[in-house]
Amino acid sequence: MSHTDYSNIKSISRLFRRLASLGYIQPDEIPSIDLYMDQVTTFMDGHLATSKRYESDKILTKTMINNYAKNNLLPAPVRKKYSKDHMLLLIFIYYLKNIMSISDIQELLGPVTDRYFNHKGELPLTEIYQEVMDYLKQEQDGLFQNIKHEFHTAEGLFSDTSADISEESREELRKFAFICYLAFDVYLKKLMIETLIDDDKEIRTQKEKEKQEKKKASDKK
């Protein structure tokens with residue numbers, strides 16, 4: 001086995017070790033009692049540590065959480081304390097903010113918060129969170145297999161390139177191509193997310209317009 005092959009195995013192994021280490025917070029891990037801000041940030045930092053890129057990274061800060069509340073992503077705390085439902089929303093926000101704008105997250109989470117926060121709807125927010133996270137975990141293996149397939153596909157690229165190119169350069173180009181594939185995949189899915197959110201927004205806007213028109217017509221009678 002060549003040195004290059006060994007490097008590839010190390011790269012893919014390291015990649016999948018990190019992916020496999022990513023877990024998610026189970027609802028029963030979240031304290032049932034309401035928490036102060038410092039307790040919230042400490043809890044999140046400890047339970048989502050494996051998702052950090054650098055050890056010094058912060059999962060959530062006081063400034064972030066205050067900004068989420070100001071931007072209507074998160075209901076205001078009650079007497080400076082955050083409930084379990086606050087924590088669940090913060091976890092969703094943490095993952096979504098990496099690829100979505102604040103306004104898009106607000107459009108996505110707004111209806112969920114309005115209908116289910118603090119046991120308003122037919123389902124508790126805890127049950128919704130559990131269902132979504134279970135679904136993601138079930139699909140994780142298939143996602144990993146697809147990424148592994150694309151990694152090995154990229155390993156075959158640049159094989160017919162001029163023999164003058166060094167093997168080290170080939171490997172650099174293959175890794176470049178693989179990263180481009182991952183970036184393009186994220187780009188396409190981001191476009192899909194934005195389209196779905198825009199469609200929902202348009203539907204809600206139309207319904208609100210129709211509701212107002214009916215009210216005006218009723219007031220005229």
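Which residues does leucine 90 touch, not counting residues up to four places away in sequence?

## Contacts of leucine 90

In this predicted model, leucine 90 touches Val40, Met44, Leu60, Ile65, Tyr68 and Leu74, with residues up to four places away in sequence left out of the count.

## Nonpolar cores

Leu90 belongs to the largest nonpolar core, which has 35 residues. Ile25, Val40, Met44, Ile65, Leu90 and Tyr129 are the members with the most contacts inside this core. At least two core residues come from each of helix 2 (37-47), helix 3 (62-70), helix 4 (84-96), helix 5 (102-116) and helix 6 (125-155). The greatest contribution is that of helix 4, which supplies nine residues.

Another core, of six residues, lies apart from the largest one. Its members include Phe16, Ile147, Phe151 and Phe178.

## Helix 7

Helix 7 covers residues 167-220. Its 54 residues reach 79 Å from the first C-alpha to the last, close to the 80 Å expected at 1.5 Å a residue. Buried positions in helix 7 are Arg170, Glu171, Arg174, Ala177, Phe178 and Ile197; of these, Phe178 is also among the residues of the six-residue core.

## A nonpolar surface patch

Phe184, Tyr187, Leu188 and Leu191 form a nonpolar patch on the surface, and together they have about 380 Å² of accessible area. One of these residues, leucine 188, is found in helix 7. Leucine 188 counts as partly exposed because its relative accessibility is 37%, a value between the 20% limit for buried residues and the 50% limit for exposed ones. In an α-helix, residues three or four places apart point the same way, because there are 3.6 residues a turn.

Definitions and conventions:
Residues are numbered from 1 along each chain as its sequence is written. This is a predicted model: local features need pLDDT of at least 70, side-chain atom pairs count only at pLDDT 80 or more; totals for chains, interfaces and linings use all residues. Side-chain values use heavy atoms; hydrogens and water are left out. Patches are made of residues with over 30% relative accessible area and no salt bridge: like charges are joined within 9 Å, nonpolar side chains (Val, Leu, Ile, Met, Phe, Trp, Tyr) within 5 Å. Accessible areas come from the Shrake-Rupley method with a 1.4 Å probe; for residues, only the protein chains shown count as cover. A salt bridge is a side-chain nitrogen of Lys or Arg within 4 Å of a carboxyl oxygen of Asp or Glu. Helices (H or I, at least four residues) and strands (E, at least two) are DSSP runs, numbered from the N terminus. Buried means under 20% relative accessible area, exposed over 50%, partly exposed in between (1.4 Å probe, protein chains only). A nonpolar core is a set of buried Ala, Val, Leu, Ile, Met, Phe, Trp, Tyr and Cys residues joined through side-chain atoms within 4.5 Å. Contact means heavy atoms within 4.5 Å. The expected span of a helix is 1.5 Å times one less than its number of residues.
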